Amino acid sequence: MTLLDSPAPTAPDGYRFRTQPPVGTPASIVDWVEGVAARTRPDAIVWADGSQEEFDALAELMVSRGTMIRLNPEKRPNSYLVRSNPADVARVESRTFICSLQREDAGPTNNWVHPEQMRDTLDGLFDGVMQGRTMYVIPFSMGPIGSPLSRYGVQLTDSPYVVASMRIMTRMGERALERITETTPWVKAAHTVGYPLAPGQQDIPWPSNELKYITHFPESREIWSYGSAYGGNALLAKKSFALRIASVLAHDEGWLAEHMLLIKATNPEGKEFHLAGAFPSACGKTNLAMLQPTIPGWKVETVGDDIAWLGIGDDGQLRAINPEAGFFGVAPGTGWSTNAVAMETIQSDTIFTNVALTDDGDVWWEGATKEPPAHLIDWQGNDWTPDSGRPAAHPNSRFTVSAANCPSISDDWEDPRGVAIDAIIFGGRRATTVPLVVEARDWAHGVYLGATVSSEATAAAEATVGTLRRDPFAMAPFYGYNAADHWKHWLEIGRRLRAAGGKVPRIFQVNWFRKDANGKFLWPGFGENSRVLEWMFSRIEGQTAAKETPIGLVPVDGGLNTTGLDVSSEALAELFRLDTAGLLSDAEDAAAYFDGFGERVPAELRTEIAALRERLAS
Ligand code: O2Y
Ligand code: MN
């Protein structure tokens, strides 16, 4: 098929999708679209323009196919519920591949297949895979349109759900395409649900394939995804582009693509601080991104909830943008008492995936309210009551919503220059050993803290819940290259920041999840985490002394603001107790983890471990 004979797909209400490339579309894009169409043989091609009318027509189409349920407009205006195939509910790390020319360039955190071998496999899988379907062309910008820090991509997909989600998660369509000229670099991202339709074959609400491949070609900056329509597997702008491919671009071009939230905190005197924070999946990242401080006079606003691109600005400062335009947040656990900002954000204009449906056409999930409704339709479409003995919503069920809907969105969240970063934090989920907060001794120590992030697994990752895994920089599932080279890159960025003469961000480690001997959390978390932010910013301002310990700087006695806090002095002491044996064993575990990266581990990080062990031993 050529683009010129692409028929118009049927759309409800007489809406006419755009079936031809807009005038001025670079030939490189048209040629690529033609090439993929020739291989995948869709029935039609649609050039997504990103308009509200197009979104509404797609939603209508999906409602008519049973893919989407329109929620009660009085309860949840312009919002939809989607139920995925129960075998397609999360990112699949075991099926995610980095296909660099050299295995060592992918490193031990990644599945690796030689690009030629993977291309052979994909050739077979993509042959005719879009028959009976429409292929949508989605030009998109990661980052505010026109920002020098933004980058561009074009995703092809046969999933209207992906198109609708990409409209929320990115700046896509006409406004992005206008920015791509013949000389603009752009990333190729091809996606299929892997479920072609024979002539006359009835479609199903969530087409997907048991076999899945989420593949990345770092040298040619390409992404090919097969078999899943869910989240990170299918919305290729997010983890695949903004982290895996962007981490390679960033390494080559001298910036950072990180799995980090971005917030602005304002103190009672009106001074603003910007913070970037890396947290493994399911470590309270969205809650921190939307934190409501409990301490008087403080304000926290959201710049980004998941990904940050950071570079050294003309002013010598580390500056960051949120490359995304929306949130793809975990629903369970999000409630008025835990994250009221998120609850307000998703009152309208939201796509919910795999949550439960209430009898009055609204949505519910575990933690949305204290008491569950007496009856629901669960995420698989079955009747559910509180005594059903199973969750009503899938643990990895999601809301997809525009960041602009967020009441705590910061006025500078789309600043094309990025926000100037004052502090970087590395979080994890550790029941023991890791204190509530530690300030790094210097940049290299901070990089060590980043490289040794660890967390106990939860639902978003494919691991047994509770097992500990090292998750350097919270990037383990998202590296597009060898993680050890990333640590080296961070050390280099530190050197360049010092040379640039701007302020060098301070680095901190936090752990909200330490437990007592009875398994009870020692720290209340949520809004009370503002106390930890307050301590960090008073450190940056030089207003608070800190206590030197073998693992870094911690608050002096009374240094953390505990006024009005319901935490016993014993619990506070335990939150900062240095368990020397545990810390030594942790350092040994980190050294063994580094050994898996062989010679690529920067010497500075080996030195950090040796110095840490020495300090702990003495
Ligand atoms: O399961 C998925 O496909 C989504 S995973 C995800 C989504 C939003 C933000 N972060 C994550 C993550 O796993 O880090
Ligand atoms: Mn994430």
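A polar contact, as I use it here, is a pair of N or O atoms within 3.5 Å; within protein, one must be able to donate a hydrogen and the other to accept it, and residues adjacent in sequence count only if both atoms are side-chain atoms.

**Set-up.** I am working on a predicted model, where local features need pLDDT of at least 70 and side-chain atom pairs count only at pLDDT 80 or more, while totals for chains, interfaces and linings use all residues. Residues are numbered from 1 along each chain as its sequence is written, chains are lettered from A and ligands numbered from 1 in the order in which they are written, and side-chain values use heavy atoms, with hydrogens and water left out.

**Ligand 1.** I looked for residues near it (a heavy atom within 4 Å). There are 14 around ligand 1, and R91, G232, K239, S281 and N396 come nearest. Then I checked polar contacts. R91 places a polar side-chain atom 2.9 Å from an oxygen atom of ligand 1. For D306, a side-chain N or O atom is 3.3 Å from a nitrogen atom of ligand 1.

**Manganese ion.** Which residues coordinate ligand 2? I found K239 through NZ, H259 through NE2 and D306 through OD, at 2.1 to 2.2 Å. Donors here are N, O and S atoms within 2.8 Å of the metal (3.2 Å for Na, K and Ca); water is not among the atoms, so the site may look incomplete. Along the chain, the donors have the spacing K-x19-H-x46-D. H259 sits in the loop between β12 (256-258) and β13 (260-266), and D306 in the loop between β15 (299-304) and β16 (308-312), so this pair ties together parts 47 residues apart in sequence. My helices (H or I, at least four residues) and strands (E, at least two) are DSSP runs, numbered from the N terminus. Both H259 and D306 are buried. Buried means under 20% relative accessible area, exposed over 50%, partly exposed in between (1.4 Å probe, protein chains only).

**Helix α1.** I compared its length with expectation, which is 1.5 Å times one less than the number of residues. The 14 residues of α1 (residues 27-40) should span 20 Å, and the end C-alpha atoms are 20 Å apart, which agrees. Its buried residues are I29, V30, W32, V33, V36, A37 and T40. They cover an arc of only 165° around the axis, which puts them on the same side of α1. I took the arc from the directions from the helix axis to the C-beta atoms. R41 follows α1, with a positive phi near 50°.

**N322.** Buried or exposed? N322 is buried, with a relative accessible area of 1%. It lies in the loop between β17 (318-321) and β18. The N322 side chain reaches the backbone oxygen of V303 at 3.1 Å. A polar atom of the N322 side chain also lies 2.9 Å from the backbone nitrogen of E324.

G329 belongs to strand β18 (residues 326-330) and is buried at 1%. Its C-alpha is 11 Å from that of T350, 21 residues apart along the chain. D362 is in the loop between β20 (356-358) and β21 (363-364). At 12% relative accessibility, D362 counts as buried.

**Cysteines.** How many disulfides are there? I took a disulfide as a pair of cysteine sulfur atoms within 2.5 Å, and the count is zero. C99 is buried at 1% relative accessibility, and C406 is buried at 3%.
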